[in-house]
Amino acid sequence: MELDLQNEYMPEILDALARSYFTTLVVDVQNDRYQVVHLTPSRGECGHDGGTAQWETGEYSGSMHKQLMAFVKEEDRQRVGDALSLPNLCAMLRRDGTGKERNESYYVDYQVAYGTDIHWYRAITMALHFGPDGSPEKLLLMFKDITAQKAEEEKKQRELQKAYELAELAERANQAKT
């Protein structure tokens, strides 16, 4: 039996994928517009207060980009602003002359501060549709909380640094014996 994914399961598949991200947008590059296709209603992150009116649709380079940057930590703003600009996203995802994407996806990690709490987010972009010249015309932009993943990475980095320091100390002790 062949599944009719176009009609029967597509809403469930999209919903299951969207639950991994707290916000999912489609960006129309040619018209510099975005539309929210998924927004977790209870999220307070990225300036979202539970209402969706300001997030439903609008100009990407102006209003959406400014909303995003308002919540990124100051030291990350320039880097993230450049990374999420339409010219950069299009350059990163553009197809080469063979029709193959330069990158299948592109992401940038950044920090958001809530009082004394720091959260890490990842903005992931994929091209949905390309124009005849290989430039992306529609993008999927998804936001994911990766705070736990970053904390684990930092813990492993500290453990690795400690092991390295112990190894250096042991090597110096062995050298001192000789």
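Here are legends for a few views of this predicted model.

**View 1. The whole chain, from end to end.**
Let's start with the overall layout: the chain has five helices and six strands. Following the sequence, these elements come in the pattern α-β-β-β-α-α-α-β-β-β-α. Of the 178 residues, 37% count as buried. Among contacts with a separation of 6 or more, 48% are between residues 24 or more positions apart. The chain exposes about 11,200 Å², and carbon and sulfur atoms supply 52% of that area.

A pair of aromatic rings is described by the distance of the centres and the angle of the planes. The structure holds three aromatic pairs, and one of them is made by Tyr 110 and Tyr 121. Their rings are edge-to-face, 5.9 Å centre to centre, with 80 degrees between the planes. Tyr 110 belongs to strand β4 (residues 106–114) and Tyr 121 to strand β5 (residues 117–130), so the pair ties together parts that are eleven residues apart in sequence. Tyr 110 is buried, with a relative accessible area of 2%; Tyr 121 is buried too, at 0%.

**View 2. Two charges over rings.**
Look here for charged side chains paired with tyrosines. The charged end of Arg 122 sits over the ring of Tyr 107, 4.2 Å from the ring centre. Lys 144 places its charged end over the ring of Tyr 21, at 5.2 Å from the centre of that ring.

Methods
Residues numbered from 1 in each chain as written. Predicted model: local features only at pLDDT ≥ 70, side-chain atom pairs only at ≥ 80, totals over all residues. Heavy atoms only, no water. Phe/Tyr/Trp six-rings, centres within 6.5 Å; stacked < 30°, edge-to-face > 60°. Helix = DSSP H or I, 4+ residues; strand = E, 2+ residues; numbered from the N terminus. Buried < 20%, exposed > 50% of the residue type's maximum accessible area, 1.4 Å probe, protein only. Lys NZ or Arg CZ within 6 Å of the ring centre and 35° of its normal. Contact = heavy atoms within 4.5 Å. Areas by Shrake-Rupley, 256 points an atom, 1.4 Å probe, with all protein chains shown as cover.
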